[in-house]
Amino acid sequence: MNPGQFLMQRSALAGVQAVAAHSRHRFARHTHEQYGIGVMRLGAQVSHSGRGQVEAGPGHVITVNPGEVHDGAPLGDGLRAWQMLYLDPQVVAEAAAGLPAALRGYEFEHPAQDRPELARDVLALYAQATAGAAPLACDVLLLRILARAGAAPARVRDRPRGAPDAIRHARSLIDDDPAAALSLADLAAASGLSRYQVLRAFSQATGLTPHAYQMQRRLLLARSLIRQGTALAEAAAAGGFADQSHMTRLFVRAYGVSPARYARAAG
């Protein structure tokens, strides 16, 4: 794979995306609606995560939970490679049913860790998913991965399990219609707070300013529409972007690949 390349491979598993990357790209802070688990194959990176700043080197397992704000920047010479599986929440919920880590809502425990056995399982699942292996073999690997990588109930983090009620109202205003032209005054009115209070509390609760959060929700909406086959210009309009080029700039910053390439891989 050439430097700067992102390869979205077809997966035989429903609800699972496989992505291989070889890049110097610096990702802006963003979120995914899916769980992500993968392995660094080359180089190293530093990233912000729900656990703070972490570093990952060759062979390290890297994970992200749905809605977790994260980014990624290269270390060293800047060239790094990784393979990643993105799992729809329903896939994880069904596979992890009965696991102790799923009793209070499944989550990956560590954003970066050096665990060779877990890394081997993740790479094996990636290989089997992209090669169209038998479902039973994939199911066994996925369950073993989730059992090893999930947080046990007693160790579920003591960080806040959601925004305060006031900020939930502001988030819902954005979530319900990401394309809406909202102002800080609108969010403040929904929250019952001043504009300064809602700005500070929103950033503390989500890790993003209200505007950055809205842009992320718009990106997620556009990406979902693109996966469904919506034309790029239509996805940009439905997502509330000024135009297709505006969507493209933000899409590349967040995901390292253009909407057009994403559409071709998802088609």
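Colleague: How far apart are the end C-alpha atoms of helix α3, and what span should its residues give?

Modeller: Start with the terms: helices (H or I, at least four residues) and strands (E, at least two) are DSSP runs, numbered from the N terminus. The expected span of a helix is 1.5 Å times one less than its number of residues. Helix α3 (residues 135-149) has 15 residues and should span 21 Å; its end C-alpha atoms are 21 Å apart, which agrees. Keep in mind that this is a predicted model, where local features need pLDDT of at least 70, side-chain atom pairs count only at pLDDT 80 or more, and totals for chains, interfaces and linings use all residues. Residues are numbered from 1 along each chain as its sequence is written, and side-chain values use heavy atoms, with hydrogens and water left out.

Colleague: Which residues of α3 are buried?

Modeller: Buried means under 20% relative accessible area, exposed means over 50%, and partly exposed is in between (1.4 Å probe, protein chains only). In α3 the buried residues are Cys138, Leu141, Leu142, Ile145, Leu146 and Ala149. They lie on the same side of α3 because they cover an arc of only 130° around the axis. That arc is taken from the directions from the helix axis to the C-beta atoms.

Colleague: And what covers those buried residues of α3?

Modeller: For this we use contact, meaning heavy atoms within 4.5 Å. The cover includes β4, β9 (80-87), α1 and α2 (116-131).

Colleague: Let me try another helix. How many residues has α4, and how far does it reach?

Modeller: Helix α4 (residues 165-176) has 12 residues and reaches 16 Å from its first C-alpha to its last, close to the 16 Å expected. Its buried residues are Ala166, Ile167, Ala170 and Ile174. These four cover an arc of only 95° around the axis, so they sit on the same side of α4. The face turned away from that buried side carries the exposed residues Asp165 and Asp176. As for partners, the buried residues of α4 pack against α5 (184-191), α6 (195-206) and α7 (210-227).

Colleague: Now strands, please. In what order do the four strands of the open sheet come?

Modeller: Two strands pair if DSSP finds at least two bridges between them. The open sheet has the order β3-β8-β5-β6, with antiparallel pairing. Its edge strands, β3 (27-30) and β6 (52-56), each pair on one side only. From one strand to the next, the twist averages 20°; here axes are lines fitted to C-alpha atoms, for helices over the stretch in contact, and angles run from 0 to 180 degrees between N-to-C directions.

Colleague: How many bridges join β5 to β8?

Modeller: Three bridges join β5 (residues 44-49) to β8 (residues 70-75), and the two strands run antiparallel. One place to look is Ala44, whose bridge partner in β8 is Leu75.

Colleague: What about β7: which of its residues are buried on each side?

Modeller: Strand β7 (residues 61-64) is covered on both faces, with Val61 and Thr63 buried on one side and Ile62 and Val64 buried on the other. Four bridges join β4 to β7, running antiparallel, and Gly38 stands opposite Ile62. Two bridges join β7 to β10, again antiparallel, and Val61 stands opposite Gln113 in β10.

Colleague: Last topic: how many aromatic pairs are there?

Modeller: Rings of Phe, Tyr and Trp (its six-membered ring) pair if their centres lie within 6.5 Å; planes under 30 degrees apart count as stacked, over 60 as edge-to-face and the rest as tilted. By this rule there are nine aromatic pairs. One of them is Phe6 with Phe27, edge-to-face at 6.0 Å centre to centre and 85° between the planes. This pair links distant parts of the chain, since Phe6 is in β1 (residues 5-9) and Phe27 in β3, 21 residues apart. Phe6 counts as buried at 7% relative accessibility, and Phe27 does at 13%. Together with Trp82, Phe6 and Phe27 form one aromatic cluster.
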